[in-house]
Amino acid sequence: MIALLLRDLRLAFRAGGGFGLGLGFFLILAVLVPLGVGPDAQVLSLIAPGILWVGALLACLLSLDRVFALDFEDGSLDLLATSPIPLEGVVAAKALAHWLTTCLPLALSAPVLGILLNLPGPAYGWLFLSLLAGTPALSMIGAFGAALTVGLKRGGLLLSLLVLPLYVPTLVFGAQSVTRAAQGLDPTTPLLLMGGITAGSIALLPFAAAFALRINLR
């Protein structure tokens, strides 16, 4: 599994599959929103938590179709399905590779981009923690959606339609935790709820994604 993870990381960095694309999209969104909304610092600070979380979610979505599609096209996925590694482990390794190359850079850069949106000072740490706790769920849910649509022509749109409704609870609790921190309220309740979603996704979705892959590879 470690070899598979390292292979996916090398492919992601060599092909630009997620790291630069998601980070670039996140940066463009943070730059364009103040231009579109206006320079009013009070308005920007009010919408900053939601904008940053929506930007991270959409940036994460950009590279999901690459999770299994390239391996399916070159036949590697068939070899992985018949290898001694459990297919659930393959799903977990690919979701982890997606998180490391796409979501982790977003979490690290989000506090810096928060400056552009006039994010209140107390919210910076909670923004980082919320993204660190919530984005693993985005990667795992995305891997499940990618497993459902692998092998379909032009499955990228269908993948987006499948996973976006599943992303909503993580988005709501993540943005709410940052908003509450910005307002001086206790943000731990939505953060814990989001952590529960992440834990449930990691525990259950590898099995569901592996089942979907077995069906699609028949």
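Helices are DSSP runs of at least four residues, numbered from the N terminus. In this predicted model, Val-31 is placed in helix α2, which covers residues 19-37.

Helix α3 spans residues 41-62 and has 22 residues. Its first and last C-alpha atoms are 30 Å apart, close to the expected 32 Å. At Ala-48 the bend is about 50°. A proline, Pro-49, follows within four residues of that point. Ala-48 and Pro-49 are both buried. Other buried residues of α3 include Leu-44, Ser-45, Leu-52, Trp-53, Gly-55 and Ala-56. Leu-57, Ala-59, Cys-60 and Leu-61 are also among them. In an α-helix, residues three or four places apart point the same way, because there are 3.6 residues a turn. At the start of α3 there is a contact from a side chain to the backbone. A side-chain oxygen of Asp-40 comes to within 3.0 Å of the backbone nitrogen of Gln-42.

Helix α6 has 28 residues, which should span 40 Å at 1.5 Å a residue. The end C-alpha atoms of α6 are 39 Å apart, so the span agrees with expectation. A bend of about 40° occurs at Leu-100 in α6. Of the 28 residues of α6, 22 are buried, so the helix is largely enclosed by the rest of the structure.

The structure holds 1 salt bridge. Arg-214 pairs with Glu-88, and the closest N and O atoms are 3.3 Å apart. Arg-214 belongs to helix α9 (residues 188-216) and Glu-88 to helix α6, so the pair ties together parts that are 126 residues apart in sequence. Arg-214 is partly exposed, with a relative accessible area of 39%.

The loop between α6 (87-114) and α7 (123-149) contains Asn-118. Most residues other than glycine have a negative phi. Asn-118 is not a glycine, yet its phi is positive, at about 55°. The relative accessibility of Asn-118 is 34%, so this residue counts as partly exposed.

Methods. Residues are numbered from 1 along each chain as its sequence is written. This is a predicted model: local features need pLDDT of at least 70, side-chain atom pairs count only at pLDDT 80 or more; totals for chains, interfaces and linings use all residues. Side-chain values use heavy atoms; hydrogens and water are left out. Helices (H or I, at least four residues) and strands (E, at least two) are DSSP runs, numbered from the N terminus. The expected span of a helix is 1.5 Å times one less than its number of residues. The bend at a residue is the angle between axes fitted to the seven residues ending there and the seven starting there. Buried means under 20% relative accessible area, exposed over 50%, partly exposed in between (1.4 Å probe, protein chains only). A polar contact is a pair of N or O atoms within 3.5 Å; within protein, one must be able to donate a hydrogen and the other to accept it, and residues adjacent in sequence count only if both atoms are side-chain atoms. A salt bridge is a side-chain nitrogen of Lys or Arg within 4 Å of a carboxyl oxygen of Asp or Glu.
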